[in-house]
Amino acid sequence: QVQLVESGGGLVQAGGSLRLSCAASGFMFRISTMGWYRQAPGKQRELVAVIRSGGITNYADSVRGRFTIFRDNAKNTVYLQMNSLKPEDTAVYYCNKDLYWGQGTQVTVSS
């Protein structure tokens with residue numbers, strides 16, 4: 001069974017940093033494309049970043065240059081390093097593989 005468990009969210013001031021983690025199990029992580037999405041209240045879920053099995057990445061324009069997605073295949077974990085956080089980054093952040101989702105972790109950025 002596929003399981004994705006996010007951690008690392010919290011409350012930070014604008015300009016601060018957080019690192020989110022997603023622990024994966026139940027599938028062949030090393031050959032899987034992984035993604036981070038986020039959803040703010042009243043808004044659609046949006047793609048934040050994606051990383052392929054070979055390490056190629058893509059980012060939403062709103063986070064490019066501030067966020068970094070990376071993976072540790074030995075630990076079956078994908079990370080999202082978030083720097084220079086802005087209030088508009090406030091959302092629940094979800095780890096994704098295909099049609100599978102984690103439970104989400106709340107990120108709140110105060111002004």
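Which side chain meets R38 in a salt bridge? Keep that in mind as you open this predicted model, and let us walk through it together.

**Stop 1: R38 and its partners**

Select R38 and D89 first. Their side chains meet in a salt bridge, at 2.9 Å from N to O. The pair links distant parts of the chain: R38 is in strand β4 (residues 34–39), while D89 sits in the loop between β8 (77–82) and β9 (91–97), 51 residues apart. R38 has 6% relative accessibility, so it counts as buried. D89, at 0%, counts as buried too.

In general, side chains of opposite charge can pair when their charged atoms come close.

**Stop 2**

R38 stands opposite E46, which is in β5. Strands β4 and β5 run antiparallel and are joined by five bridges. Follow the hairpin of these two strands, with six residues between them, and pick out G42, which takes a positive phi near 80°.

Next, move along β5 to I51. Which residue of β6 is the bridge partner of I51? Select T57 to see the answer: T57 in β6 is that partner. β5 and β6 pair in the antiparallel sense over three bridges. The hairpin of β5 and β6 has five residues between the strands, and G55 in this hairpin takes a positive phi near 100°.

**Stop 2: R66**

Now select R66, in the loop between β6 (57–59) and β7. Is R66 buried or exposed? Its relative accessible area is 12%, and because buried means under 20%, R66 is buried. Look for the backbone oxygen of S62, which lies 2.8 Å from a polar atom of the R66 side chain. Then display the surroundings: setting aside residues up to four places away in sequence, R66 touches Q81, M82, N83, S84, L85, K86 and D89.

**Stop 3: K97 and D98**

Jump to K97 and D98. These two form a salt bridge whose closest N and O atoms are 2.8 Å apart. K97 counts as buried because its relative accessibility is 11%. D98, with a relative accessible area of 54%, is exposed. Before moving on, select R38, E46, R66 and D89 together: salt bridges that share partners join these residues into one network. The count for the structure comes to five salt bridges.

**Stop 4: N96**

Select N96, which is found in strand β9. With a relative accessible area of 7%, N96 is buried. The side chain of N96 reaches the backbone oxygen of Y100 at 3.1 Å. Leaving aside its neighbours within four places in sequence, N96 is in contact with L4, T33, M34, G35, Y37 and W101.

**Stop 5**

C22 lies in strand β3 (residues 18–25) and C95 in strand β9, so the pair ties together parts that are 73 residues apart in sequence. The torsion about the S-S bond is about -80°, so the disulfide is left-handed. C22 counts as buried at 0% relative accessibility, and C95 is buried with a relative accessible area of 0%.

**Stop 6**

One residue ties two stops together.

Conventions
Residues numbered from 1 in each chain as written. Predicted model: local features only at pLDDT ≥ 70, side-chain atom pairs only at ≥ 80, totals over all residues. Heavy atoms only, no water. Salt bridge = Lys/Arg side-chain N within 4 Å of Asp/Glu carboxyl O. Buried < 20%, exposed > 50% of the residue type's maximum accessible area, 1.4 Å probe, protein only. Helix = DSSP H or I, 4+ residues; strand = E, 2+ residues; numbered from the N terminus. Disulfide = S-S within 2.5 Å. Polar contact = N/O pair within 3.5 Å; in protein donor to acceptor, adjacent residues only side chain to side chain. Contact = heavy atoms within 4.5 Å. Pairing = 2+ DSSP bridges.
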